[in-house]
Every structure is written in structure tokens, then in C-alpha cells.
Amino acid sequence: MSRPVRRPLLSRVTPPQLIALSFALAILIGGALLSLPGMVRPGQALGPLDALFMATSALCVTGLSVVDLPRTLTLTGQCVLLLLIQLGGLGIVTLGTLFALLARRRIAFSQRVLLAQQISALNVGGVLGLLRSILLYTAVIEASGTALLALRFVPEFGWGQGLYYSVYHAVMAFNNAGFTLLPQGLTPYVADPLVSVVVPVLVILGGTGFLVQANILGHLRDRRRQHLLVHSRIVLSVMAVLLVGGTALFALLEWSNPRTLGPLGVGAKVLASFFHSVSPRTAGFNTLDYELMRPATLFLTILLMFIGANPGSTGGGIKTSTAFVMLGSAWNMVRGRGELIAFRRRLDQETVLRALSVTLLSTVIVGVALMLMLALNSDPRLDFLHLTFETVSAFATAGLSMNATPDTNAAQRVLLLLLMYVGRIGPLTFAVAFNSSVRVRDVNYPPERDILVG
């Protein structure tokens, strides 16, 4: 009798499991790298837990930090962090496929499925062409952002340091990570039109989603053959509402606050309001101190962080399309209508159920994590609002902070670390990846539909 053929271990791992395990392994390697000699400046310390936290924050393109980055890490350590952010922004599977293409290796169908799962492609067939477009687009946008930021940083810091700061902040902004090397962050540039416009634009481009960008570019090249997908129309509409509405609400709530917008001129107030309506979409940069803002403004920021960016982007949150499907379905229910219609297209029940699952799972995860953060809290300065802000920021991989993360204890940092990890790979992907009762054939990826949620 012939022996049964055993399949290789990786062939028995589902795409969600491989994505989750790849990020976990990369985080461990990143933490080990940051713990090596030469990564920390003399007189400074970075313990194993803090190194793992910083690696997680970088790979999950968050931006939360437990140390003063420019004072703690050496140039080598900063470059390692930058590479981790670029790796996390593009995606580990994306880069692995790139190396296979460069080596002229054949990409198997299972690898195409995995790649489609990570970059939220609508079908497997055109995934390699989309990958090439993503890499070229990323390089062009980050180089353009570097050149524009250099117009400000080079005259201020000199050619070497100015260019370094320009590259660093361009990569951070496009990948929606909020680390900064400047001693005061971007707060000195609150009224600077160059920095306060270039950084949010890079954040918007990174958070739009590669599929949407490719669809828009194709539509502009050939409007007859390449139509805008319903998915693109939905997320662009939600983005516009969030940007305009967020800017208006932020300005309204903070206009007279003497500690934030109050002392600024009208133009600077509008600029700062625009910046802080973009930044909660998982960017992590700020030109105003969040600790000085009013509670209503902080609540608005928490809502924006929870919604997040678009599917298939460098951002986190439950995603704009998920919010659209949830609110649209609820509005339909109130009016006594049936299935949700968007741009003359009917959204199927599976899309609605997926959006409901993502929102419910995200709410439960954040709620349980917040309860644990409060239970584990040992610092009386960290009240409910501070911990809520940090918890949502970690899960949404936003990176914004009320200056509370460095004051958290070890248990709270572990919790924030786990939140960043789950938020980056997605709550639904995480649930499927670690549910042993779900078989490979039970999971439908990538779905052949026009609407991506979660």
C-alpha cells in the first residue's frame, strides 16, 4: 500500500493565517533588531518590551511611541524603524511577491489569492499588474513628497539633515504612520501652508487605497472602457464627506479655544482644521496638542479614527466602505426599504453582513480592551478620556496620542501592542485566521464583487 502524501505545512495555511503569522514574525524580528547594540543612543535605554512595542507600531503603521524617538534611537535605529514602516505599509506579502517577480519566479495561484487578500483586489487575475502599479505609484508619490518637504526642511536644517527629515516624513505620511524626528513634532508648522498641505495630501493618497487609485487613473486614461467602480464611488464620496465635515466641525469646536485655534489667524485656523480632519484617518501627525483640545473635539477625533481609511490602503479603522454600508443599511431600515442601492447598484446581503461583522467585532474588541486598560491603570493622571483616546488610536492604527502612551504600564503596553496588531491585519481576518473551525474551502477570498468592506 502506498503511503498518503503529506502536503507541505504552508499549503495547509489559509491566506488570513499566513498574513497574521507573517506580521507576527516580522514584529518579533523587528523587535529583535531594535534591541541590537548600536540602535540606542548612549545614556538611553530601550527594553525588550519597548523595542517590541516600537516594532509593532512601525510594522502596523501606527506611530504610537513609548520613547522620545530622536533622543532615543540612533541614525541606524531610525533607519530600521523607517524600513519597518515601509514594509508594513506596502505589506509583507506584497514585498515577497515583488522579490519573486524580480527573480523571475512564477507566481502560483495560491500566492495570487494571498496577495489579493492583502491589497484588497477585487479579482485574482489582474493582481500582478496591480502590484506593479502600486510599487511604481508608491515610489513616485514618496519621492514627490520628499522634494516638496525639502523646500521647507533643507533651508531650515541644511542639506543632509533637511533631506533626511524630508524622506522620513514623506514615507511616514504616505504610509499613514505618525512618527516624527522633529523635537516639537509638526506643531511649529501649524500655520505653514507647505508642510500643513503636503503632509495631509500624502496621508490622503496613502489612505485612499491602491485599488481606488488604479481605478481612477484608468478612468482618466480611458473613460469609455474603464468606468469608476461602485466601490470607488462609495469610498470617494465618504472621504469627501469626512474631509469637509471633519474640517468644518473641528473649526466650529475649536475656533475660540485660546489654547489651540484661538490665537491663530483665519487662514491658519482653516489650515489647522483641515490638517486635523485628515490626521485622524490613521495618520498620527498633529500640529496642535490634543491634550489642549475640548472634549467634544476629542470625541470627534475618536469617531474619525474608528472609521479610518479605505480598504486596501495603508490606513486602519473599520474602513469608509464599512461605515457607508452600515449607515446606509440602517437608513434603509428606518425608511422601511429593502436592499441597499448605491449608485444604481444593489449591494448583496453578504456585503451587508460582512460590514456588520467588522463593525461589531471592532466595537467589541475596543470595548473589552478599554475595560482592561481602565482595570490595569495605575496612573491617576490617565483618566477615562485619555485611555479611550489611546485605545481607539491603537486599534485604528492612527498613532494620535494625548501624550498618555509613555505613561502606560507594562500590561497596558502589551494590550496596546495587541490592539495595533489586530487593527492592522483586520478584526475579521484575525478572527478567521485563528478560528480552527473555519476550513479553507469555507472562506471566500477574494470575493467577486464591487464593494470591499473591512
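Which backbone nitrogen does the side chain of Glu390 reach? In this predicted model, where local features need pLDDT of at least 70, side-chain atom pairs count only at pLDDT 80 or more, and totals for chains, interfaces and linings use all residues, that side chain reaches the backbone nitrogen of Met402 at 2.7 Å. Residues are numbered from 1 along each chain as its sequence is written, and side-chain values use heavy atoms, with hydrogens and water left out.

**Glu390**
- Glu390 lies in helix H16, residues 384-395 (helices, H or I of at least four residues, and strands, E of at least two, are DSSP runs numbered from the N terminus).
- Although Glu390 is buried (under 20% relative accessible area, 1.4 Å probe, protein chains only), Glu390 has no salt bridge (a side-chain nitrogen of Lys or Arg within 4 Å of a carboxyl oxygen of Asp or Glu), and the nearest side chain of opposite charge, that of Arg413, is 10.0 Å away.
- Leaving aside residues up to four places away in sequence, Glu390 touches (heavy atoms within 4.5 Å) several residues, among them Leu64, Asn403 and Leu416.

**Asp379**
- Asp379 sits in the loop between helix H15 (349-376) and H16, and is buried because its relative accessible area is 10%.
- Asp379 and Asp407 are 28 residues apart in sequence, while their C-alpha atoms are 7.5 Å apart in space.

**Whole chain**
- The chain contains 18 helices and two strands, and buried residues make up 55% of its 454 residues.
- Of the contacts between residues at least 6 apart in sequence, 71% join residues at least 24 apart.

Technical notes: Buried means under 20% relative accessible area, exposed over 50%, partly exposed in between (1.4 Å probe, protein chains only). Lys and Arg count as positive and Asp and Glu as negative; His and the chain ends are not counted. A polar contact is a pair of N or O atoms within 3.5 Å; within protein, one must be able to donate a hydrogen and the other to accept it, and residues adjacent in sequence count only if both atoms are side-chain atoms.
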